[in-house]
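Dear colleague,

Please find below the structure that I am handing over to you, together with its sequence. A summary of what was found follows it.

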Amino acid sequence: AFEAGLKGLLESDRTTHTKLLYDCRNDADALLHIYDVKLAGVLDLQLLEVIHRRNRGQRIEYLRGLKKSLETYVNDRKMEIIKRKGINEIEESKKKDVNIWAARPLSDELKEYCAVDVAALFPLQKILKKRKDAEDMKIVLEGSERFSDYFRSYEVLPMKEFIWNPFLPQKILRFNFIRNTTEEVKKCQGCRKEFRKAELKISCLAQQAWLCGVCKKVEIRAKDAVSMLKWLKESV
């Protein structure tokens, strides 16, 4: 399928084909390292949802999961039920240490779960794009390209806690980083991305622990594992 035209479509820029995704990081990473396909031309609705909250004066330091966004904006009860059934099956398989995604044929619940993840993007996009000006969309589209690169740019992934968390990573959306090439930068010991030394907390300087603002939040939250699990469920 890739050589028959799918590779060219997925690698085309957004002037040719815009690809709707919700958190494109894993998909972009898998496509590159498994199929040698460099996904491009993405409009990531997870980032558009951040802009949606920003324009309403709401908190934007965290990312919202697809399930939560569907409940908040689309309000399609049938889709919510299908998502819940799929999630329950996935959670049960993890308890039994079974890879249900490797089974063939896939269960009807998983097929519907996957279908909803795609079908739901169209009504969600329509709702989130309302009253967004050209500058908003430019920020999202530029951020979507950086989001596509976020996982696939690693040669070796860092500790999962520092990349698998509900926070909006630094330097993804234009307004959450400052372009200043004269400032000293450090490489974060958590996510391994560069950040401005001026952003270091006093506690980090004292311990010589080079953690960016996002990874410092993750570290603080992770000190209480029970609170972390509860927080993750509530956030996404």
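Leaving aside neighbours within four places in sequence, Asp136 is in contact with Ile51, Asn55 and Arg131. Please note that the model is a predicted one. Asp136 belongs to helix α8, which covers residues 134–152. Although Asp136 is buried, it has no salt bridge. The nearest side chain of opposite charge is that of Arg54, at 4.6 Å; a salt bridge requires the charged atoms to lie within 4 Å.

The second topic is helix α5, residues 77–95. At 1.5 Å a residue, its 19 residues should span 27 Å, and this agrees with the 27 Å between its end C-alpha atoms.

Which residues of α5 are buried? They are Met79, Glu80, Ile82, Lys83, Gly86, Ile87, Ile90 and Ser93. These residues lie on the same side of α5 because they cover an arc of only 160° around the axis. On the face turned away from the buried side, α5 carries the exposed residues Arg77, Lys78 and Lys95.

The two ends of α5 also deserve a look. At its start, a side-chain oxygen of Asp76 comes to within 3.1 Å of the backbone nitrogen of Lys78. Just after α5, Asp97 adopts a positive phi of about 55°.

Yours sincerely

Key:
Residues numbered from 1 in each chain as written. Predicted model: local features only at pLDDT ≥ 70, side-chain atom pairs only at ≥ 80, totals over all residues. Heavy atoms only, no water. Helix = DSSP H or I, 4+ residues; strand = E, 2+ residues; numbered from the N terminus. Expected span 1.5 Å × (residues − 1). Buried < 20%, exposed > 50% of the residue type's maximum accessible area, 1.4 Å probe, protein only. Arc of directions from axis to C-beta. Polar contact = N/O pair within 3.5 Å; in protein donor to acceptor, adjacent residues only side chain to side chain. Lys, Arg positive; Asp, Glu negative; His and termini not counted. Contact = heavy atoms within 4.5 Å.
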